[in-house]
Amino acid sequence: MTTVKAYASPSATEDLVATTIERREVGPHDVLIDIKFAGICHSDIHTVRGDWGPQQYPLVPGHEIAGIVTEVGAEVTKHKVGDRVGVGCMVNSCRECVNCQKGEEQYCLKGNTGTYGAVDRDGTITQGGYSTHVVVTEDFVVTIPEGIDLDVAAPLLCAGITTYSPLRHWGAGPGKNVAVVGLGGLGHMAVKLAHAMGAEVTVLSQSLKKQEDGLKLGADHYFATSDENTFSELAGSFDLIINTVSASIDISSYLGLLKLDGALVNVGAPAEPLPVNAFALIGGRRSFAGSMIGGIRETQEMLNFCAEHGLGAEIEVIPAEKINDAYERVLASDVRYRFVIDTATF
């Protein structure tokens, strides 16, 4: 076991604090990563505060990890010392079920192993990226292309793949009208990616205060959902709506914005149920769906796409002592658009 520096949550109600944790020794198929940057995701806050169920503490969150390989196991073939790599929301799966065999490890029928707060194969609880080093099996480590800096790459491991996957699956591209609900950590990447794929992109946000940003990021149109005219003006306009917000919204109203056979896809995960009026679905053969991150193969595809198109997250790099302040700012929507921790400050 190796002792490394980290920031952990002692309980659901306390601030994160500096600590040390143990990482397993590098096994035959493992990669040791010197973490350079770790993104802060809204999921980190939900998890450590117990919004999505009880946790075992202390817990080190973080599943947007970018760093450099410093050691590899004897049988590793996919990565070598010095490689620029990333780790996203999962660090293992059963590898055997039909979904894993399809490269959709995030939907592992036995449950994927989350990067933090999950039971690892050795029975320990996984600890995430708010740390200086992590040991991960090579199959769940992706390569960060040279065209992307590590700091702006870190959020792509969650925010990037979470929005890229549904955009690809539901066919965003030329001739398609795509709406993005919310312009936050997920939403700003959805706008960038949908624009790069060639779709016509509209942002639907509570207000127009981020309109200038939205248009710079690649949106063609920007509407305030607080304006009651928006829902009548845009009725039947979109082939696809990506809902990125983690708060409860009136799903039936948004379904009315879809064209025939359109889909509203939820990638935000509010703690409360989202009621749906069946007639809002039936009336236009519309779909209300969900999507969760992406498989390892698709995550690599997303990183390659971002490098090809010069895309990265819009970030604010912070030292470790600002993590708790950053959490409060995320909850207040006071970040444009992703906090990234410089792990050299641990």
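Biologist: How many bridges pair strand β11 with β12 in the parallel sense?

Modeller: This is a predicted model, in which local features need pLDDT of at least 70, side-chain atom pairs count only at pLDDT 80 or more, and totals for chains, interfaces and linings use all residues. Residues are numbered from 1 along each chain as its sequence is written, and side-chain values use heavy atoms, with hydrogens and water left out. Helices (H or I, at least four residues) and strands (E, at least two) are DSSP runs numbered from the N terminus, and two strands pair if DSSP finds at least two bridges between them. Strand β11 (residues 200-205) and β12 run parallel, and the number of bridges joining them is four.

Biologist: Which residue in β12 stands opposite Val203?

Modeller: Strands of a sheet pair through backbone hydrogen bonds, either parallel or antiparallel. Here β11 and β12 pair in the parallel sense. The residue of β12 opposite Val203 is Tyr222.

Biologist: Which strands stand at the edges of the open six-stranded sheet?

Modeller: The sheet is open and has the order β12-β11-β10-β13-β14-β15, with parallel pairing. An edge strand has a single partner strand, so one side of it is left without a neighbour in the sheet. The strands in that position are β12 (221-224) and β15.

Biologist: What is the average twist from one strand of this sheet to the next?

Modeller: Angles run from 0 to 180 degrees between N-to-C directions, and axes are lines fitted to C-alpha atoms, for helices over the stretch in contact. From one strand to the next, the twist averages 20 degrees.

Biologist: Which residue of β15 is the bridge partner of Ala263?

Modeller: Strand β14 (residues 258-266) is joined to β13 by five bridges, and the two run parallel; in that pair, Phe238 stands opposite Leu258. Four bridges, again with parallel strands, join β14 to strand β15 (residues 287-290). The partner of Ala263 in β15 is Ser287.

Biologist: What angle does the direction of α4 make with that of β13?

Modeller: Helix α4 packs on the sheet, where its contacts (heavy atoms within 4.5 Å) are with β10 (177-181), β13 and β14. The direction of α4 and that of β13 make an angle of about 160 degrees.

Biologist: Are α4 and α10 roughly parallel or roughly perpendicular to each other?

Modeller: Helix α4 (residues 159-169) and helix α10 (residues 296-309) pack at about 95 degrees, with their axes 10 Å apart. Angles under 35 degrees count as roughly parallel, over 145 as roughly antiparallel, 65 to 115 as roughly perpendicular and the rest as oblique. The two helices are therefore roughly perpendicular.

Biologist: How many charged residues belong to the contact of α4 with α10?

Modeller: On the α4 side the contact is made by Gly160, Ile161, Tyr164, Ser165 and Arg168, and on the α10 side by Glu298, Thr299, Glu301, Met302 and Phe305. Ala, Val, Leu, Ile, Met, Phe, Trp, Tyr, Cys and Pro count as nonpolar, Asp, Glu, Lys and Arg as charged, and the others, Gly among them, as polar. The contact has four nonpolar and three polar residues, and its charged residues number three.

Biologist: How many nonpolar residues does the contact of α4 with α5 have?

Modeller: Helix α5 (residues 185-197) packs against α4 at about 45 degrees, with the axes 8 Å apart, and the two are therefore oblique to each other. Residues in contact include Tyr164 and Leu167 in α4, and Met189 and Leu193 in α5. Of the contact residues, four are polar and one is charged, while the number that are nonpolar is nine.

Biologist: Which residues of α10 does α5 meet?

Modeller: The axes of α5 and α10 come within 11 Å and cross at roughly 75 degrees, which makes the two helices roughly perpendicular. From α5, the residues involved are Leu193, Ala196 and Met197. In α10, they meet Phe305, Cys306 and His309.

Biologist: Which residue of β4 is the bridge partner of Ile35?

Modeller: Strand β3 (residues 30-39) and strand β4 (residues 65-72) pair in the antiparallel sense over seven bridges. The partner of Ile35 in β4 is Gly67.
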